Amino acid sequence: MGDLTSIHGAAAALTPVDGTDLRRTFAHFPSGVVAVCARLGGTPYGLVASTFVPVSLDPPLVSVCIQYSSETWPRLKNASRLGLSLLSSEQESAARGLSSKRGDRFRDVELRAGNGNAAFVAGATAWLETSVHEQVPAGDHAVVLLRVHRVSVSPELEPLVFHRSDFRALSGKSIAGQLNSA
């Protein structure tokens with residue numbers, strides 16, 4: 001497939017999509033970075049997802065998308081509780097470690113215990129203690145709906161963001177004042 005053409009004016013030149021074009025397009029949408037962790041038999045297991053989405057307040061549900069090729073998810077999905085840690089802008093190394101395919105993923109990651117099997121990354125912007133509610137097949141991923149049981153937030157911390165295929169921090173500046181003065 002050819003390169004995507006830039007959008008100009010009211011009309012856009014669109015081309016048929018393939019996986020490479022779609023991945024490149026999705027990279028333009030910033031998303032938070034979430035660690036999904038549990039201790040099973042005393043051993044920590046975890047993965048990183050940038051597909052975290054709040055779903056419902058009643059019942060309290062969130063979702064993450066997990067590739068079917070994941071070797072970690074088959075272990076995590078049976079945990080009584082999963083710890084979701086919304087990583088902070090200071091936790092890029094933890095995100096890289098937890099997303100690694102080799103080595104000790106938890107070498108530089110400090111974990112905190114929750115109820116059941118839930119494990120949380122210390123220093124995250126928020127923790128959500130969850131359990132698997134439902135899995136829905138979706139192409140090469142499963143959309144995993146998680147029921148939220150308990151939460152903790154550190155509002156003073158900035159989130160880690162995945163954008164244009166790299167980890168980034170928010171600038172911390174609000175554009176609301178700029179919009180109101182225009």
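This note comments on the salt bridges and one surface patch of a predicted model.

1. Count of salt bridges. The model contains five salt bridges.

2. Glutamate 129 and arginine 81. These two residues form a salt bridge in which the closest N and O atoms are 3.9 Å apart. Glutamate 129 belongs to strand S9 (residues 126-138), while arginine 81 sits in the loop between helix H2 (73-76) and strand S6 (82-86), so the pair ties together parts that are 48 residues apart in sequence. Glutamate 129 is buried, because its relative accessibility of 2% falls under the 20% limit. Arginine 81, at 25%, is partly exposed.

3. Glutamate 129 and arginine 150. Glutamate 129 also meets the side chain of arginine 150 in a salt bridge, at 3.1 Å from N to O. This pair links distant parts of the chain, since arginine 150 is in strand S10 (residues 141-153) and glutamate 129 is in strand S9, 21 residues apart. Through shared partners, salt bridges join Arg81, Glu129 and Arg150 into one network. Arginine 150 is partly exposed, with 44% relative accessibility.

4. A salt bridge within a helix. Arginine 96 and glutamate 92 form a salt bridge of 2.9 Å, N to O. Both residues lie in helix H3 (residues 92-98), four residues apart, which is about one turn of the helix. Arginine 96 is partly exposed at 41%, and glutamate 92 is partly exposed at 32%.

5. Leucine 22 is in helix H1 (residues 19-26) and is partly exposed, with a relative accessible area of 34%.

Terms used: Residues numbered from 1 in each chain as written. Predicted model: local features only at pLDDT ≥ 70, side-chain atom pairs only at ≥ 80, totals over all residues. Heavy atoms only, no water. Helix = DSSP H or I, 4+ residues; strand = E, 2+ residues; numbered from the N terminus. Buried < 20%, exposed > 50% of the residue type's maximum accessible area, 1.4 Å probe, protein only. Salt bridge = Lys/Arg side-chain N within 4 Å of Asp/Glu carboxyl O.
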